[in-house]
Amino acid sequence: MSHTCVLSFVAAALLMSGCTTVTTDDRARNVILFVGDGMSLATVTASRILEGQQRGGQGEEHLLAFETLPYTALAKVYNTNQQVPDSAGTATAILSGHKTLAGVVGVDSRVTRGDCNTEFAARVPSIVQIAEENGMATGIVSTARITHATPAAAYAHSVERGWENDATLPDTATSCHDIARQLIEFSHGDGIDIVLGGGGLQFLPDSRGGKRTDGRHLFDDWQASDPDNHMFVYNRAMLATAVSTVGNKVGRHARQILGVFAPSHMSYEVDRVRNQTDEPSLTAMTLAAIEHLSPKEGYFLLVEGGRIDHAHHGGNAARALTETIEFSNAVRAALETVSLDDTLIIVTADHGHTLTIGGYATRGNPILGKVIENGPDGRSTRKPALDINGQPYTSLSYANGPGYLASQKEVMATADTSDVNYQQQATVGLYSETHSGTDVPVYAGGPGSDNVRGVLEQNKLFDIMARALGFIR
């Protein structure tokens with residue numbers, strides 16, 4: 001076993017935070033990294049039960065698609081300056097191998113958040129940039145804004161995650177570029193082959209209803225920079241057509257696809273279906289990306305289920321669990337499409353949330369419902385358990401969040417806790433529920449996946465992926 005770093009990128013001095021011992025020389029042709037934003041262990045458990053119950057079972061015995069992968073670990077998620085992390089710092093750890101401050105992307109911890117002058121010396125290359133420099137194909141898929149923290153860490157360098165468009169840059173940041181511009185002007189290799197997500201307003205001038213004040217229409221700029229090879233799409237039908245007509249073709253068919261399907265974040269899955277929007281599902285985007293990338297000589301693909309996190313922040317477990325189930329659907333589709341003989345798949349979260357599963361609910365109790373306990377005979381009482389105020393309570397609750405305010409007003413005996421808009425009760429009242437600092441799960445299969453074991457520093461996931469692709473040994 002070797003501890004030598006093989007430097008295959010011109011900025012390789014910034015590549016590694018350290019080399020780790022490995023137990024396999026397996027190489028992967030492809031790597032697919034799935035990140036469930038905010039997908040804590042409690043989220044996985046509750047989503048597993050919900051999907052199992054939706055399929056007619058009791059729920060507890062069920063498994064989500066990624067839970068069938070053979071290797072598992074726990075990852076420690078702290079930022080260098082925070083015990084409880086944010087997505088920018090954790091995504092940078094996973095994608096670049098460097099733990100860093102909360103609120104920054106693509107830079108190490110030498111920066112001062114918000115100080116443009118500290119950015120350039122602290123830039124660290126992401127695995128997407130390294131893959132492009134090594135001639136691989138690359139893709140990014142997210143249900144969040146494509147300029148949001150997790151996808152941004154794959155291609156951008158910024159001392160402030162909020163600098164998504166030029167209007168957000170302070171006057172002092174004269175040498176820094178906003179995140180949307182960095183995506184459009186990405187210069188590594190031959191460019192990212194497919195990017196799919198939300199966030200259209202970050203790319204459009206204010207004269208067209210967007211957020212930019214520099215007058216630039218970045219979608220037009222990107223298409224104009226290579227009109228024969230760049231295709232922009234904005235609904236699911238266009239995406240399907242683009243992927244089916246591209247393949248290995250050149251000329252009038254696009255070699256690279258940029259799909260932006262919503263002004264800000266894409267719809268929650270339950271709302272996408274209920275409102276019959278033109279947005280593709282996470283599963284559809286994942287399959288489109290794999291189809292587009294597969295003819296290339298190896299690829300790296302990032303897929304983020306970005307809205308698990310947003311639902312949790314709203315204290316809305318129903319949407320968070322539904323997003324997680326769709327995230328699982330995307331993993332299942334990938335597993336049915338690629339081979340683990342040549343593709344490393346890693347499924348993880350950037351951080352968790354404060355969702356908990358409590359009470360002594362009887363087996364098969366609806367996971368979104370009120371707690372019904374067993375009696376002395378070990379059988380269900382068929383009556384809701386009561387708290388010290390004589391009120392029913394739910395299996396799912398949050399340690400903090402907006403559900404505290406709601407629970408002070410509602411009568412739990414008549415509350416419909418299964419309603420998709422219901423906010424679970426919270427112990428501490430906050431307008432937005434927070435992340436948690438607990439370890440997050442990691443699931444893996446394919447070449448190099450046997451290195452996913454034990455308790456890992458989160459940035460070591462980068463090492464595992466980079467080693468599987470032959471960037472380090």
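Good morning. One caution before the details: the model is predicted.

I'll start with strand β2, residues 71-76. Strands pair through backbone hydrogen bonds, parallel or antiparallel. Strand β2 pairs with strand β16, residues 440-445. The sense there is antiparallel, over five bridges. To find that pairing on screen, go to alanine 75, which sits opposite valine 440 in β16. Strand β2 is also joined to strand β17, residues 455-457. That pair runs parallel, with three bridges. Here, look at leucine 74: its bridge partner in β17 is valine 455.

Next, the open sheet. Which order do its three strands take? The order is β10-β13-β14, and the pairing is mixed. Strands β10 (355-357) and β14 (426-429) are at the edges. Each has a single partner strand, so one side of each lacks a neighbour in the sheet. On average, neighbouring strands of this sheet are turned by 25 degrees against each other, ignoring direction.

Zoom in on β10 and strand β13, residues 396-401. They run antiparallel, joined by three bridges. Isoleucine 357 faces leucine 396 of β13 across that pairing. Helix α1, residues 41-54, lies across both β10 and β13. Its angle to β10 is about 55 degrees.

Now a helix pair. Two packed helices are described by the angle and the distance between their axes. Take helix α2, residues 87-96, and helix α13, residues 460-468. Their axes come within 6 Å and cross at roughly 30 degrees. Angles under 35 degrees count as roughly parallel, and α2 and α13 are therefore roughly parallel to each other. Which residues meet? From α2, Ala93, Ile94, Leu95 and Ser96; from α13, Leu461, Phe462 and Met465. The residues of this contact are six nonpolar, one polar and no charged.

Last, helix α9, residues 282-293. Is α9 mostly covered or mostly uncovered? Mostly covered: nine of its 12 residues are buried. Among them are Leu282, Met285, Ile290 and Leu293. Thr283, Thr286 and His292 are on the buried list too. Then a length check. At 1.5 Å a residue, the 12 residues of α9 should span 16 Å. The end C-alpha atoms are 16 Å apart, which agrees.

To recap. Strand β2 has an antiparallel pairing with β16 and a parallel one with β17. Helices α2 and α13 are roughly parallel. Helix α9 is mostly covered. Thanks.

Notes. Residues numbered from 1 in each chain as written. Predicted model: local features only at pLDDT ≥ 70, side-chain atom pairs only at ≥ 80, totals over all residues. Heavy atoms only, no water. Pairing = 2+ DSSP bridges. Helix = DSSP H or I, 4+ residues; strand = E, 2+ residues; numbered from the N terminus. Expected span 1.5 Å × (residues − 1). Buried < 20%, exposed > 50% of the residue type's maximum accessible area, 1.4 Å probe, protein only. Axes fitted to C-alpha atoms, helices over the stretch in contact; angles between N-to-C directions. Parallel < 35°, antiparallel > 145°, perpendicular 65-115°, else oblique. Contact = heavy atoms within 4.5 Å. Nonpolar A, V, L, I, M, F, W, Y, C, P; charged D, E, K, R; others polar.
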